[in-house]
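Hi,

Here is the structure I promised to pass on. Have a look, and then read on for what turned up in it.

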Amino acid sequence: MGRAFEYRKASKLKRWGHMARTFTKIGKQIAIAVKAGGPEPENNPALRAIIANAKRENMPKDNIERAIKNAMGKDQSEYKEVSYEGYGPHGVAIFVETLTDNTTRTVADVRSVFNKFSGNLGTQGSLAFLFDHKCVFTFKKKDGMDMDEMILDLIDYGVEDEFDEDEETGEITIYGDPKSFGDIQKHLESEGYEVTGAEFTRIPNDLKDVNEEARETIDKMVEKLEEFDDVQTVYTNMKPAE
């Protein structure tokens, strides 16, 4: 098993990236999906995936419908996906994903946190080599399902042969090539699986071991970054606590 898989298991099947899960952030994702593929979920795979994630976060149906309606407005802001990368204290890599309609504001906010924690904000793409970009799908396991057979079937769609199973919720989580997101989603839906989550993530491939004091500092830095509405997800390569 690779270090990335070790990191997934240590995270106990929870998201390894740190995400401030607010309805405002999901609303931005809905806005981008609606603009790109229209407001009808049945005709917009990206929107279907975001709605599944929204439900997973207990976002009320009314909020989801309102976000879709707002995204169709003529004065809807133009959101852009922008990432910021650098090193925080103790040499830990920090990868920040944002959705913003004002890059000047966003970069200033992100830089202020890096400066506060004596970090170093680098150029876009400078730390991409430290994280493997993947798509992640979570779905309900069917009764009597043979996971080995299913994985063999999904490999043709760009899915990895490693998966995680949560016995408490009865959910399976699979990982794949981001370029195959649409094909994987379509196949799962055509086979009648109940998809409860679909997203992109970054898994660190070079874990940084730190002491408890350093861990607390990095956690505080991540929390400060998550306070900004523009920030969607913050990833680090800090090794999980035992």
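This is a predicted model: local features need pLDDT of at least 70, side-chain atom pairs count only at pLDDT 80 or more; totals for chains, interfaces and linings use all residues.

A term to start with: buried means under 20% relative accessible area, exposed means over 50%, and partly exposed is in between (1.4 Å probe, protein chains only). Helices (H or I, at least four residues) and strands (E, at least two) are DSSP runs, numbered from the N terminus.

Residues are numbered from 1 along each chain as its sequence is written, and side-chain values use heavy atoms, with hydrogens and water left out.

Let's begin with β3 (residues 93-100). Both of its faces are covered: A93, F95, E97 and L99 are buried on one side, and I94, V96, T98 and T100 are buried on the other. With 8 of its 8 residues buried, β3 is largely enclosed by the rest of the structure. On pairing (two strands pair if DSSP finds at least two bridges between them), β3 runs antiparallel to β2 (residues 80-87), joined by 8 bridges. K80 stands opposite T100 there. The two strands make a hairpin with 5 residues between them, and H90 in the turn has a positive phi of about 65°. β3 also pairs with β9 (residues 231-236), antiparallel over 5 bridges, with V96 partnered by V234.

Then there's an open, antiparallel sheet of 4 strands, in the order β6-β7-β5-β8. β6 and β8 (195-204) are at the edges with a single partner strand each, so one side of each has no neighbour in the sheet. β5 (residues 131-140) and β8 share 9 bridges, one of them pairing V136 with E199.

Helix α3 lies across β5, β7 (171-176) and β8, at about 95° to β8. (Contact means heavy atoms within 4.5 Å; axes are lines fitted to C-alpha atoms, for helices over the stretch in contact, and angles run from 0 to 180 degrees between N-to-C directions.) R56 belongs to α3 (residues 45-56) and is partly exposed at 39% relative accessibility. Leaving aside residues up to four places away in sequence, R56 touches T138, E171, T196 and G197. G197 is 141 residues from R56 in sequence, yet their C-alphas are 7.0 Å apart.

Finally, which strand holds D164? That's β6 (residues 159-166). D164 is buried, at 1% relative accessibility.

Cheers
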